[in-house]
Amino acid sequence: MVSIKEVAKHAGVAISTVSKVLNGYPNISEETKRKVNDAIKELNYIPNSIASALSSKQFGRIALLLDPKRQTQAIDQVFMQYLLGALDKAKELNVEVITVFTSMIIGMDSEEITRYFLSQSISAVIIYGLSKEDRILQKLIEGRNFACVVVDAPIVNARTTSVSIDHEQAQYDVAKKTVADDKCKSILYISGKKDGFVTEQRLRGMKRLTEELKIPMLVRQGDFSELTARNVTLKYAKNKDCVVCASDLMAIGAMNALIDMDIFRPVCGFDGITLMGYVGKQMNTVRQDFYAISSRAVEEVKLLMNGQEGHQVVMPHSVVKMYYKDIIC
């Protein structure tokens, strides 16, 4: 077995420097980290702590990788449903899960994250809300050192399964119902974050619908923000027949802006969060079962750990109108 001394010699640094790189110490130059990581890779060095984890009975943990900073108080419901779905299914399957927040691995490259996960006896990861700009996590997935399930990202390989609803079709469905109900001739579409996989998929659904109906659509970015959607609505909604939003939170911002403007425009959202029912106006939305999605993600990652190849899993969705009386029952 390769020793840390051999890694230090190969990299041309001190043993203490190798140790600092392995343990994520600050104030280590990028050039030094590169030399050490290259030596580790070339020599296939496995630190004692990781080697011990690999040989222990504890190895086999599933990490739930979440970024709570991307949530707001208004959609904590989504975050909690993801957690509950995963924890309940893990208990049923008798597997151990741990929660890892992205803040815990910020600043690490994919190799450092790999070593960190292995040191925590993690052999599988469920990643929630992966964006197109998360290059480091995408590289981690491509490395195939872990069984991975990505929720709401269309990434599949031999060791990676994708679990999500059909966002394109769901956006098409809810917008079509809203347009048809009110005979709309023009649409203001408030999209999500520009680097989001779901943003891209939902926008495709809107483009398909407007091309089929041959009606104009103005697209503005809302960043999944209630405030941003409110401001977009104040600026552009007066000259449009309806407002389609890529999230319920943005739909709430849009509806409240319309109320303040004292004009009516039909508004629809996406997600089916409970808060939609308290706005005072009934709105169409896409209901997705976050609990079931997360539960299925645990099932799928367990199958990957048992040798099954990755694939695409499409979960069901429905178009509903949120009623106050339904959410207080």
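**Figure 1. Thr-161 in strand β5.** Thr-161 forms part of strand β5 in this predicted model. Is Thr-161 buried or exposed? Its relative accessible area is 0%, and because buried means under 20%, Thr-161 is buried. Beyond the neighbours within four places in sequence, Thr-161 is in contact with Cys-148, Val-149, Val-150, Ile-155, Glu-300, Leu-304, Glu-309, Gly-310, His-311 and Val-313. Cys-242 is 81 residues from Thr-161 along the chain, and the C-alpha atoms of the two residues are separated by 37 Å.

**Figure 2. Thr-160 in strand β5.** Thr-160 likewise lies in strand β5. With a relative accessibility of 0%, Thr-160 counts as buried. When neighbours within four places in sequence are set aside, its contacts are Ile-141, Cys-148, Val-150, Ile-155, Leu-304, Gly-310 and His-311. Thr-160 is also the bridge partner, in β5, of Cys-148.

**Figure 3. The two faces of strand β5.** Since 6 of the 6 residues of β5 are buried, the strand is largely enclosed by the rest of the structure.

Figure 4. Strand β5 comprises residues 160–165 and runs parallel to β11, to which it is joined by 4 bridges. Within this pairing, Val-163 stands opposite Val-313 of β11, and Ile-165 has Met-315 of β11 as its bridge partner. Strands β4 and β5 also run parallel and are joined by 4 bridges.

Figure 5. The side chains of β11 alternate between its faces.

**Figure 6. Packing of helix α5 on helix α12.** Helix α5 (residues 76–93) packs with α12 at an angle of about 40°, and the two axes are 7 Å apart. The helices are therefore oblique to each other. The crossing of α5 past α12 is right-handed. From α5, the contact is made by Val-78, Gln-81, Tyr-82, Leu-84, Gly-85, Ala-86, Asp-88, Lys-89, Ala-90 and Leu-93. From α12, it is made by Phe-290, Tyr-291, Ile-293, Ser-294, Ser-295, Val-298, Glu-299 and Lys-302. Classified by residue type, this contact of α5 with α12 has 10 nonpolar, 4 polar and 4 charged residues.

**Figure 7. Packing of helix α8 on helix α9.** The axes of helix α8 (residues 167–182) and helix α9 (residues 197–213) come within 7 Å and cross at roughly 45°. This angle makes α8 oblique to α9, and the crossing of the two helices is right-handed. Helix α8 contributes His-167, Glu-168, Gln-169, Gln-171, Tyr-172, Ala-175, Lys-176 and Val-179 to the contact. Helix α9 contributes Val-198, Gln-201, Arg-202, Arg-204, Gly-205, Met-206, Arg-208, Leu-209, Glu-212 and Leu-213. By class, the contact of α8 with α9 has 7 nonpolar, 5 polar and 6 charged residues.

**Figure 8. The protein as context for the close-up views.** The protein has 13 helices and 12 strands. Along the principal axes, its C-alpha atoms fill a box of roughly 75 × 40 × 35 Å. Of its 329 residues, 48% are buried. Among contacts between residues at least 6 apart in sequence, 69% join residues at least 24 apart.

Definitions and conventions
Residues numbered from 1 in each chain as written. Predicted model: local features only at pLDDT ≥ 70, side-chain atom pairs only at ≥ 80, totals over all residues. Heavy atoms only, no water. Pairing = 2+ DSSP bridges. Buried < 20%, exposed > 50% of the residue type's maximum accessible area, 1.4 Å probe, protein only. Contact = heavy atoms within 4.5 Å. Axes fitted to C-alpha atoms, helices over the stretch in contact; angles between N-to-C directions. Parallel < 35°, antiparallel > 145°, perpendicular 65-115°, else oblique. Left-handed = near helix turned anticlockwise from the far one by under 90°. Nonpolar A, V, L, I, M, F, W, Y, C, P; charged D, E, K, R; others polar.
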